[in-house]
Amino acid sequence: MAELTGSLLILLGAFFHFSAGLGMLRMPDAFTRMQAGTKASTLGNALILIGIAVYHPGWSLKLLILIYFVFMTNPVSSHALARAARRIGIPMAGASDASAPDEAGATAKDHA
């Protein structure tokens, strides 16, 4: 029963990794691609690591530490990348020029 549960968790994690890759291909701009990749890969990594923990119960503490590390670093790195992309002026899909930041990082809406 543990093998079946572990296998299903790993398969579900692989499905979320596949959906992350599909989201990276299908989304219209860099910001939505980052969100699709980060959210799905975070959950996919966690499910795969939990599945491995079911297979190897002795590794559970190490795998829980890895899951914690993934949960803490993936959103932070995605936020940093999105903020950097916004600051250098990468446009959002469907956004007008008024939302593009100037050299100081302020938008036209901020000046109005």
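What percentage of the 112 residues in the protein chain is made up of buried residues? In this predicted model, buried residues account for 27% of the 112 residues in the protein chain.

**View 1. Overall arrangement of the protein chain.** The secondary structure of the protein chain comprises four helices and zero strands, and the elements follow one another from the N terminus in the order α-α-α-α. Of the contacts in the protein chain between residues at least 6 apart in sequence, 60% connect residues that are at least 24 apart. The protein chain exposes about 7700 Å², of which carbon and sulfur atoms supply 70%.

**View 2. The largest nonpolar core.** Five residues in all, namely Ala46, Leu49, Ala53, Leu63 and Ile67, make up the largest nonpolar core. Both α2 (30–55) and α3 (60–87) supply at least two residues of this core, and α2 gives the most to this core, with three residues. In soluble globular proteins, nonpolar side chains tend to be buried together.

**View 3. Surroundings of Ile67.** When residues up to four places away in sequence are not counted, Ile67 touches Ala46, Leu49 and Ile50. Among these contacts, Ala46 and Leu49 belong, as does Ile67, to the largest nonpolar core.

**View 4. The aromatic pair.** The structure holds one aromatic pair, formed by Phe15 and Phe16 in an edge-to-face arrangement, with 5.8 Å centre to centre and 75° between the planes. Phe16 counts as partly exposed, because its relative accessibility is 23%, and the cut-off for buried is under 20%.

Notes. Residues numbered from 1 in each chain as written. Predicted model: local features only at pLDDT ≥ 70, side-chain atom pairs only at ≥ 80, totals over all residues. Heavy atoms only, no water. Buried < 20%, exposed > 50% of the residue type's maximum accessible area, 1.4 Å probe, protein only. Contact = heavy atoms within 4.5 Å. Areas by Shrake-Rupley, 256 points an atom, 1.4 Å probe, with all protein chains shown as cover. Phe/Tyr/Trp six-rings, centres within 6.5 Å; stacked < 30°, edge-to-face > 60°. Core = buried A, V, L, I, M, F, W, Y, C linked by side-chain atoms within 4.5 Å.
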